[in-house]
Amino acid sequence: MSWFKGIEFAHPGFFWLFISIPLMVGWYIWKQRQLQGNLNVPTLRGFTLKKSMLPKFRHSGIVLRSLALSAMIVALARPQSSLSWQNSTTEGIDIIIASDISGSMLAEDFKPNRLEAGKQIAIDFIKGRPDDRIGLVIFSGESFTQCPLTIDHSVLVNLFADVKNGMITDGTAIGMGLATAVNRLRTSQVKSKVVILLTDGSNNAGSIPPITAAEIARQFGVRVYTVGLGTNGFAPYPVQTPLGIQYQKMPVVIDEGTLSKIANLTGGKYFRATNNQTLKDIYEQIDKLEKAKIDVTQYHKKTELFLPWAIIALAFLSLEFILKNTLFKGALT
C-alpha cells in the first residue's frame, strides 16, 4: 500500500490481533439476533411512523469500534519511517595513459588498426574507473600532453577520440613519452600513481633514453605498466601507392627488453598484446591490479509514527461514545 511505502514496523507480531475484529463482529451479529422479537398487531394503520434515517445507522457503533481497534493495532505495531543515506570516501588513483601514435601504429594486425583498437579499448577502461583522475600523453617522434589529469572523463574521452597519426613528427620517442607522463604525475599527492605506456616499436627518437625516464618515474613513486603492441612475425601495413592503398608485410619489432626493464624498475609489469582481445585482457588485469579504495559509511534514521494511529483510534472511540450517549442513546450496543 502506498500509505505504508517506506514504513517499517518494529513489532509486526501485533498484526495477528486483526483476527479479533471478525470475531468481534461475529459476536455482535449473534447478539443482535438474540435480542430480536416479534410483535403481532391486527393492523399497522395506527402505527404509521414518520420515516427516519436513524435506524440505518444503528450499527455504526460496531463499525466505529472496528475502525478504532484497527488503528490501535497499527499503533501497537509501531510504524517507523526509515531514512537512510551513505557517505563514501574515495581514495582514487592518478593514471596517465601514454600512447604511441607513430606511423607503425597503422598496421592492421589489430582491427581496424593498432591505433584505433588501442583508443577504443582504453576508452572502455576509462569509463570503468569513474573515481580516478586520468590523463593522456601521446608520443611518436616527440611527445605532448593531450589531456592533463582530470576526473571529467567525458572531456578526456572526446580528446582521446580525436587522436590520430600525423599530429606530431613521426618516430618512436618512448623515453620522451614516459618522461612527459611522469612530469604530469610528479606533483600528485595520491598514494598510487600509474603510467600505462603502449608502444609497438623501439626507441629511435627523443633526447631522453627510456631507462632514464624509468629511473625518474621510480624516484617520484610512479608505477609503469608497459604494453607491447603487435602480432608475432609480420603485420599487414597499408601503403599509399599511385594505384591506391597496397598492403605490405612489415616485421614486428618491439623492444621487449627495454619495456620489461622499465616495468621492473618502477614496480609495474610488462604485457604483450598480439590482438584486440589480448589488449582488452591486459587492461582488465591492470584494472584489477589498481583498484581504488572506497570507504562507505551507512546511516539510518527512524521516526516513530504510532502517535497519529493512536489519535485516530481515540477519535473513533470518542465518536462512538458521543453517538451512543446522544443521538443513538439506548440504541447502540
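**Pocket, cavity and helix packing**

Mentor: Strand S8 (234–241) and strand S9 (244–251) each supply at least two residues of the lining of the largest pocket. Please keep in mind that this is a predicted model.

Trainee: How much space lies in the largest pocket?

Mentor: The largest pocket holds about 240 Å³ of space. Its lining has 13 residues, and the closest to its centre are Ser104, Arg114, Asp200, Met250 and Pro251.

Trainee: What is that lining like by class?

Mentor: The lining of the largest pocket has 7 nonpolar, 4 polar and 2 charged residues.

Trainee: Next, how many cavities of 30 Å³ or more does the structure hold?

Mentor: The structure holds 1 cavity of 30 Å³ or more. The volume of the largest cavity is about 30 Å³.

Trainee: Which residues line the largest cavity?

Mentor: Its lining consists of Ser99, Met105, Arg114, Leu115, Gly118, Lys119, Leu198 and Leu229. Helix H3 (residues 114–127) gives the largest share, 4 residues. By class, the lining divides into 4 nonpolar, 2 polar and 2 charged residues.

Trainee: Which way does H3 run relative to helix H8, parallel or antiparallel?

Mentor: H3 and helix H8 (residues 276–289) pack at an angle of about 30°, with their axes 10 Å apart. H3 is therefore roughly parallel to H8, as angles under 35 degrees count as roughly parallel.

Trainee: And which residues make the contact?

Mentor: H3 contributes Ala117, Gly118, Ile121, Ala122 and Phe125, while H8 contributes Asn276, Leu279, Lys280, Tyr283, Ile286 and Asp287. That contact has 7 nonpolar, 2 polar and 2 charged residues. Gly118 of H3 belongs to this contact and also lines the largest cavity.

Trainee: Let us turn to H2. How do the axes of H2 and H9 cross?

Mentor: The axes of helix H2 (residues 60–76) and helix H9 (residues 306–325) come within 8 Å and cross at roughly 160°. The two helices are therefore roughly antiparallel to each other. H2 passes H9 in a left-handed crossing.

Trainee: What classes of residue are in that contact?

Mentor: The contact of H2 with H9 has 16 nonpolar, 2 polar and 2 charged residues. From H2, the residues include Leu64, Leu67, Ala68 and Ala71, and among those they meet in H9 are Phe306, Trp309, Phe316 and Leu323.

Trainee: What about H1 and H2, is their crossing left-handed or right-handed?

Mentor: The crossing of H1 and H2 is right-handed. The axes of helix H1 (residues 20–35) and H2 come within 10 Å and cross at roughly 165°. That makes H1 roughly antiparallel to H2.

Trainee: Which residues meet there?

Mentor: Ser20, Ile21, Met24, Val25 and Tyr28 in H1 meet Ile62, Arg65, Ser66, Leu69, Ser70 and Ile73 in H2. By class, this contact has 7 nonpolar, 3 polar and 1 charged residues. Arg65 of H2 is in contact with H1 and with H9.

Trainee: A change of topic: where is Arg78, and what is its phi?

Mentor: Arg78 is in the loop between H2 and strand S2 (79–91). Its phi is near 55°, a positive value in a residue other than glycine. Most residues other than glycine have a negative phi, and most peptide bonds are trans.

Trainee: Is the peptide bond from Lys111 to Pro112 cis or trans?

Mentor: The bond from Lys111 to Pro112 is cis, with omega near -5°. Pro112 is found in the loop between strand S3 (94–100) and H3.

Definitions and conventions:
Residues are numbered from 1 along each chain as its sequence is written. This is a predicted model: local features need pLDDT of at least 70, side-chain atom pairs count only at pLDDT 80 or more; totals for chains, interfaces and linings use all residues. Side-chain values use heavy atoms; hydrogens and water are left out. Axes are lines fitted to C-alpha atoms, for helices over the stretch in contact, and angles run from 0 to 180 degrees between N-to-C directions. Angles under 35 degrees count as roughly parallel, over 145 as roughly antiparallel, 65 to 115 as roughly perpendicular and the rest as oblique. A crossing is left-handed if the near helix is turned anticlockwise from the far one by less than a right angle, and right-handed if clockwise. Contact means heavy atoms within 4.5 Å. Ala, Val, Leu, Ile, Met, Phe, Trp, Tyr, Cys and Pro count as nonpolar, Asp, Glu, Lys and Arg as charged, and the others, Gly among them, as polar. On a 1 Å grid over the protein atoms alone, a cavity is a set of points where a 1.4 Å probe fits but cannot get out, and a pocket is an open set with protein on both sides within 12 Å along at least five of seven lines; lining residues have an atom within 4 Å of a point. Grid points are joined across faces, edges and corners, and a volume is the space filled by probe spheres set on the points.
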